Amino acid sequence: MKILRGFVLGVVQKGTSEKPWAMVGLNEISLNRNGFEETNLVEFMVAGKQYQEGLHNAYRAQIGSEVFAPYRDELDEYQGKSRIRYSLQGAPVRLMDQ
């Protein structure tokens, strides 16, 4: 399991009423080797049991906040092309303000 530090951009409902799922977008901000900020959008699909348990709603409540999101990545074949698929492994963790 890995941890992504980023800002929750939003949650988008997808699918059908019989088979709903959602996409959670996180903006990861890092510094490159020259000291410039780089922004990377990472999208996580929430489906099946995670959707039924409301994992996407835990991220929806944190829109605009910086969080630490536990996730797993794996190589996936889609239409003959390799891609990395990211899946959330739990609710976001947010540091408390002092």
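Leu-4 counts as buried, at 5% relative accessibility, where buried means under 20% relative accessible area, exposed over 50% and partly exposed in between, with a 1.4 Å probe and protein chains only. The model is predicted: local features need pLDDT of at least 70, side-chain atom pairs count only at pLDDT 80 or more, and totals for chains, interfaces and linings use all residues. Residues are numbered from 1 along each chain as its sequence is written, and side-chain values use heavy atoms, with hydrogens and water left out.

**Confidence**

- The protein chain has a mean pLDDT of 91, and 96% of its residues reach 70 or more; pLDDT is the predictor's confidence in each residue, from 0 to 100.
- Helices (H or I, at least four residues) and strands (E, at least two) are DSSP runs, numbered from the N terminus.

**The sheet**

- Five strands form an open sheet in the order β3-β2-β1-β4-β5, with antiparallel pairing; two strands pair if DSSP finds at least two bridges between them.
- Strands β3 and β5 are the edges of this sheet, as each pairs on one side only.
- Neighbouring strands of the sheet are turned by 40° against each other on average, direction ignored; the axes are lines fitted to C-alpha atoms, for helices over the stretch in contact, and angles run from 0 to 180 degrees between N-to-C directions.

**Strand pairs**

- Strands β1 and β2 run antiparallel and are joined by eight bridges; Gln-13 has Ala-22 in β2 as its bridge partner.
- Ten bridges connect the antiparallel strands β2 (residues 20–31) and β3 (residues 37–46), and Val-24 stands opposite Phe-44 in β3.
- β2 and β3 make a hairpin with five residues between them, and Gly-35 in the turn has a positive phi of about 90°.

**Surroundings of Leu-4**

- Leu-4 lies in strand β1 (residues 2–15).
- Not counting residues up to four places away in sequence, Leu-4 touches Leu-26, Glu-28, Val-42, Phe-44, Val-67, Phe-68, Ala-69 and Tyr-71; contact means heavy atoms within 4.5 Å.
- Leu-4 and Phe-68 are 64 residues apart along the chain, yet their C-alpha atoms are separated by 5.5 Å.

- Asp-76 belongs to strand β4 (residues 66–78).
- With a relative accessible area of 18%, Asp-76 is buried.
- Leaving aside neighbours within four places in sequence, Asp-76 is in contact with Lys-81, Ser-82, Arg-83 and Arg-85.
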